Amino acid sequence: MNQKLQTVLLLILLPFFAFAQSVITGTVLESNGLPALGATVSVKGTSNGTSTDFDGKYTLNNVPSDAVIVFSFIGYTTQEIPLNGQTSINITLAEDPSELDTIVLIGYGSTKKANVTAAQTTVKAEEFNKGAITSPGQLISGKVAGVQVTAASGRPGDGPVIRVRPGSTLGGNQDALYVVDGVPLDQRNASLNTINPADIESFTILKDASATAIYGNRASNGVVLITTKKAKLNSDLKIGYDVQFAVNQVQDYAHVLNADEFRQLVADQGRDPAVLGDANTDWQNEIYQNGTRAIHNLTVEKGYETTSIRASLGYTNENGTLLRSGYERATLGLNVRQNFLKGDLKLNFTSQLAQEELRRADEGAVGAAVVFDPTQSIFNNTGEFGGFFEYTNSTGPEGNAPRNPLGLLNSLDSQLDNKQARLNLNAAYNIRQVPGLKFTGNAGIDYNEFDEYTIRDFNSGAGARGNNRSFGEGFRRNQLLDGRFEYKRTLESLDTDMDFTLGGSFQDFTRQSTSRSSVNNELQENPIAIDDSALVTAFARASFDIKDLVVISGSASRNGSSRFSEENRWANFYGASAALKLTNTDFVQNSGFLSQLKIRGGFGQTGQQDIDASFAYLSVFTPGQPQAAVQFGDQFVTTIRPEGSIDLKWETTDQWNAGIDIGFFDDRITGSVDGFYRETKDLLLFGPLPAGGLENGSFQNAGSTLSRGIETSISGKIIQTENMNWTLSANATVQEIEITDLAGADNAPVPVGGISGGTGNTIQEWAVGSDPTSFHVFRQVYDQDGNPLDGVYVDTNGDNIINDADRVRYKKANHDVYFGLTSNFNYKNLDFSFTFRGAAGGYNYNNVDSNSASYGSIFPTNTQTPIYVNSTVDILNTNFSQQRLQSDYYIQKADFIKLDNVSLGYNFPGDKVDIRASITGTNLLTITDYDGTDPEVFGGIDNNLFPRNRGLIFGLGFKF
Amino acid sequence: MKMYKSIIFLFLGMLVFTACEDALTVEPRDNRVTEAELFQDPATYRGIIAKAYAGLALGGQEGGDGNADISGIDGGFSNYLRLYWNMQELTTDEAIIAWNDGTIKDLHGHVWTDGNEFINAMFSRVNYQIAVCNEFLSLSTDAKLDEYNIPADVRADVANYRAEARFLRAYSYYHGMDLFGKMPFTDENSDPAVLPLAKSRTELFEFIESELLAIEDDMVEARMNEYGRADKGALWMLLSKIYMNAEVYTGTPRYTDAITQLNKVISAGYNVPNVPYAYSFQADNNRNGAEDGFIWTINFDGLNTQTFGGTTYLTHAPVGGNMDPSVFGINGGWGGIRTTEQFVELFPGEENSADTRETFFTDEQTKEINDVGQFKDGFAIQKFKNVNVDGSAGSDTVGDFVDIDFPIFRISDAYLMYAEAVVRGGSGGDLTTAQGYLNQIRERAYGNTSGNITVGQIDLDYLLDERARELHWEAHRRQDLVRFGQFTTSKVWAWKGNVRNGTTTPAFRNILPIPAQELNLNPNLQPQNTGY
């Protein structure tokens, strides 16, 4: 029998051979005097151990008289007490002063912060951005290295775009996987808005693949674990009420010609002034208003001996800055925890209910206000088109003219109602028969039902032609069932803590919608849309903490996706990582300045299957709609289209990560540096297929990307006294991504990035060796004075012909560097904080300028009666005769620094009520050279985005 | 006890996992159906052959080209006829477009590259159409008909459909041969897992010819099929077309064969209709008398066959400037397509010509084109009108989609080809007969005999110009210019070669490039056509 096997056998059999000597009993209390539930009591050097029950009581059998009893409890200092003949030991544990023992979440479990081996960051409620925040993502904007939060637009109810490291996939979903209290959300329906931001306890962002591999099937873009607030056991009744009121203003308007400037331009160009109107209308000023937002939150919580309850009621009401836009939301959060079997069985029920009402304004007004002739008046005198001035031709509204922006806004009635319920029952069961073994299960459902309509007034410029109603409704459902066994045990002989997890998860997703819209002026039922998919995962992890010095962790998952055929359905993903806890070495302990030092490294593999095609591998037939019929004789025959099929497989990402965590001067200064290197292959992307089949393009596994980056963060407690604290935290990320392979022998580039102006124009290109957001443009030629020459481009290939072969890749939208700076200061009851956020190295394509600023656009020749169209002031710089859509002139530097958030608060402590008053400013300052209204444009194509707001928020909070 | 529990847990775990295997087998529950479900209804075959016809008329499965058949381009742009028209017309003196849609201006400028998305989309469309026809043929074999218990009456229809599917496939291969020279070749027996091999222009010619000859007997008699479906008349016309251009395609002239086929067409009972020329391009052209001259049409309908391509495009895109959209039965022009001064000059008297086929709109339009992007530069053409002969507008009250059917083949074309084949030395016809045919066309154009021509006037120059006058904007021009050797190295027109007065362009542009994207994906198509 070989040595290894012997050891294993010994380990298994050890408990049975330990022989009886005596029984000891006792009670373990937490530092606050409450019973410690689940503390481990064991005989040192043996596997003999037990855990305490709900009353903190334990019974340990077979204890030799000379034994040393070890009491350990997560978050508390481990104590060893020699038995010395006692039969009863009662003990009160002391809290571990080191925050390294703080428990942090990891995928399917939790661990001590000191034992984290991967790149992950936790942001707690007290570090969140302040203000009247609607969408949870905004809470962590600018706070975490390696996480880019692109601020939400000014559209009421809009959430920010969050990216954990650069998106590795090109055609799949780039959103991180959100796991709310253990329930992974549907990645294509991750409506975080239905979680009341005030209910969130913390975000934990798992950035590297060694941490996320256990979620294998959806973790390529990182995992964000969201924990909601819960009441503590045995706690007093607490009631809190917060109210916030915000006033929002559009940050900036597009810089267009005003009426006088426009008249001048018309005169300078020798055009007929009779086409002009005689008003002075600032259309942008007309379509926006001061927005308001009110948020109320009421929280009640209470803990009993075996039960705790927390309920919260939230209400948000917003009137957007764009006329007729608005958002209203009510949320009801409930968390009930109930312990059974003396704490061996813990049930945790969480429910988040939300009802949302989104009033949708016609956002076409944003662009229309940029280009509508400022000399025209808002109203006509005829009452036609609801009284709004419109351009017409002999048959009605002129199709080639812009519509009156106010006419657009006032003629549209459109609303989306959404009801969401997210319910989860979590059960944790300590299997007493096997000390250290625990089962945790989740049964969850995330369900929402929506209902929407859009009705356009017939008596309007946009509605006069008819076909102006649509109605729709549907639901989305995501059901989860998962379970895992965790087994923790300490091998005293090897001074090693072991932690094993084995589990499985099943999740299915259904989305269904029906709709009706007017076709030929009658309401017609559209084909029902149903999408089903399912994911199955089995996962395992083993972690070893050896001599409190080395942590090694490995995980594996086996994943099945219904999106693939049976042959390609399953994939295995692995992760491995290690950390060296140098904090515990003499070198650090004796250094005098170092207080913490850890080196981490890991590798992991993850998969991606979330594409917008659930049955690509099946051959199916699609019936045509009645409006797409073919006339045979007198009969209109509805067509049946045979569809092609393609056998897809998992997209996989390999990621390496190395990091260091360091603390100085008793952790007054702490910091982390992480580097990552990531390769994604078999990219799932939509691309062309060779001719010969029934599809000329489809999702396919084609291409690969490489991304790498360095993330740093540093935090300093600059002042730390009883009355005054000041913490300054900064983070910076440097990262890049490039495409390393595409479909086909020549890796033919793929045009992407549609723009306005013409139909089907693109401005970006995927090409091997380039960033996927690289622009693909003509090189503009300039005169001696630096002015662009109209329509003159560089003949880059020297063939004496200027055509699309002369377009080159130039700059990119992705930034190279992202950074954030947060300051938190408090003096007695006063607190003051601010957050700066910025990025550098990226460029925008200014589509507002390129689309409007040319004489061809200003003086169109395709309307029955002449009209003029306004332009941005850039026309005065370029004097372009026609749109020069693909000139690199419009690629403009988009570096920025924004003062996202400044907040001042004061607490008035009272006998019965604590009151807090605060004032917060959001998006107060933008420092940039960019010419457009806002440099921060996700994807880099700046085209009349719903302008962001600048806000002032007053808050009052009461705690009873 | 402990043991029991462990076993139970293990067992439960396995159970969950076995169940999960099944849970991963999900099938579509929306309106998409599998083959087995589909052929429960024998009418399915009519629906699929309808798709093969729809491939020429519509962009996708929803009105207005939604749920498009091909990707890589806007659904409306992806319409077969619209793309084909752009290839055959925008590249010539007959049409020029103002828009900034991608590389569309490169077509008229003769500076297109193998990255041109319109050329790319045309290539995709042609091949998609071939794939749909192949699919129909493999779904309608005797074995399949037996498998799905298709009744005898349906089988008789399916036999006709099969001939038409082969005809439609040959028709698209003909476009591929004409535009791209070589093509990836597939038929109903091709293995989808194997990249198609290329057929050269000559091989394509041989395939098309042999297919058409093989199905001639299976096609419905000329003028006996349902309106809109192809019949023997269409087949003879297509044979005539490949024979007329055989010298371009294969280097071997086949004018005698052309005359043989044209004689069959001409004797089948079609007439130059006894209604004004303009009627042929109006909303009710399927019933206003003009249909007598149609051999095969692509049908459109404002309510039931809605597309932003086809005749909707040909009606809206040429309306702009001061033109009154109500005259065209539409809600507004798209201000895009005009013509060059060289085309204007083909009509004696130009915009004041006695020839009723001259339909120029000149109010505030200049004859010369200084700025391609300005609609008012260049005369507009008022050929396609979505109004019925009684003056009422077409069926779509919104004014977007038109009812005008597009004549692919008309009898006038057959007459003109006949004359040309005779002039080019084909036997089986004579100039006097040709003169009679040509004067039928002229008499309708002039309303009397004042425009009639003599036998002596019939030469190649006359025929090329007369083809332009009679058939302009009907997607023949590029092919005609190539056949007459005037597309590239001789003859210039405004903005040819991307310069104001036009310049000759290299001969390699007589065929289009194989899209770079296609060469990348299918190395069998290498090398690229010369010059690109």
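Tutor: Of the 532 residues in chain B, 60% are buried. A residue is buried if 20 or more other C-beta atoms lie within 10 Å of its own, exposed if 12 or fewer, and partly exposed in between; the C-beta atoms are placed from the backbone. The model is predicted: local features need pLDDT of at least 70, side-chain atom pairs count only at pLDDT 80 or more, and totals for chains, interfaces and linings use all residues. Residues are numbered from 1 along each chain as its sequence is written, while chains are lettered from A and ligands numbered from 1 in the order in which they are written.

Student: What is the mean pLDDT of chain B, and what is the mean for chain A?

Tutor: pLDDT is the predictor's confidence in each residue, from 0 to 100. The mean is 94 for chain B, with 96% of its residues at 70 or more. For chain A the mean is 89, and 96% of residues reach 70 or more. Watch residues 7-20 of chain A, where pLDDT is below 50; beyond near neighbours in sequence, that stretch has eight contacts in the model. Two residues are in contact if their C-beta atoms, placed from the backbone, lie within 7 Å. For the complex, the predictor gives an ipTM of 0.94 and a pTM of 0.91.

Student: How many helices and strands does chain B have?

Tutor: There are 19 helices and 10 strands. Helices (H or I, at least four residues) and strands (E, at least two) are DSSP runs, numbered from the N terminus. The radius of gyration of chain B is 26 Å, close to the 24 Å from the globule rule for 532 residues, so chain B is as compact as a globular protein of that length. That radius is taken over C-alpha atoms, and the rule is 2.2 Å times the number of residues to the power 0.38. Along the principal axes, the C-alpha trace of chain B spans about 110 × 50 × 50 Å. Among contacts in chain B with a separation of 6 or more, 64% join residues 24 or more positions apart.

Student: Now a single helix. Which residues of α9(B) are buried?

Tutor: An α-helix has 3.6 residues a turn, so residues three or four places apart point the same way. In α9(B) the buried ones are L204(B), F205(B), I208(B), E209(B) and L212(B). Down the helix axis they fall within an arc of 130°, so they line one face of α9(B). The arc is that of the directions from the helix axis to the C-beta atoms. On the face turned away sit the exposed residues S210(B), L213(B) and A214(B). Cover for the buried residues of α9(B) includes α8(B) and α10(B).

Student: What span does α9(B) reach?

Tutor: α9(B), residues 201-215, reaches 21 Å from its first C-alpha to its last, close to the 21 Å expected. The expected span is 1.5 Å times one less than the number of residues.

Student: Why is α5(A) said to be largely enclosed?

Tutor: Seven of its eight residues, in a helix covering 364-371, are buried, so the rest of the structure largely encloses α5(A). The buried residues of α5(A) pack against α4, α6 and α8 of chain A.

Student: And sheets? What is the strand order of the open sheet of five strands?

Tutor: Strands of a sheet pair through backbone hydrogen bonds, either parallel or antiparallel. Here, two strands pair if DSSP finds at least two bridges between them. The order is β10-β15-β16-β13-β14 in chain A, with mixed pairing. β10(A) and β14(A) stand at the edges with a single partner strand each, so one side of each has no neighbour in the sheet. β10(A) and β15(A) run antiparallel, joined by five bridges. T122(A) stands opposite T204(A) there.

Student: Which strands form a hairpin with two residues between them?

Tutor: β49(A) and β50(A) do, and K828(A) in the turn has a positive phi of about 50°. Their antiparallel pairing runs over 11 bridges, and L821(A) has F836(A) as its bridge partner. β50(A) also pairs with β53(A), antiparallel over 10 bridges; there D831(A) faces G905(A).

Student: Last, the interface. How many residues does the contact take from each chain?

Tutor: It takes 99 from chain B and 83 from chain A. α3(B) gives the largest share of chain B's side, nine residues.
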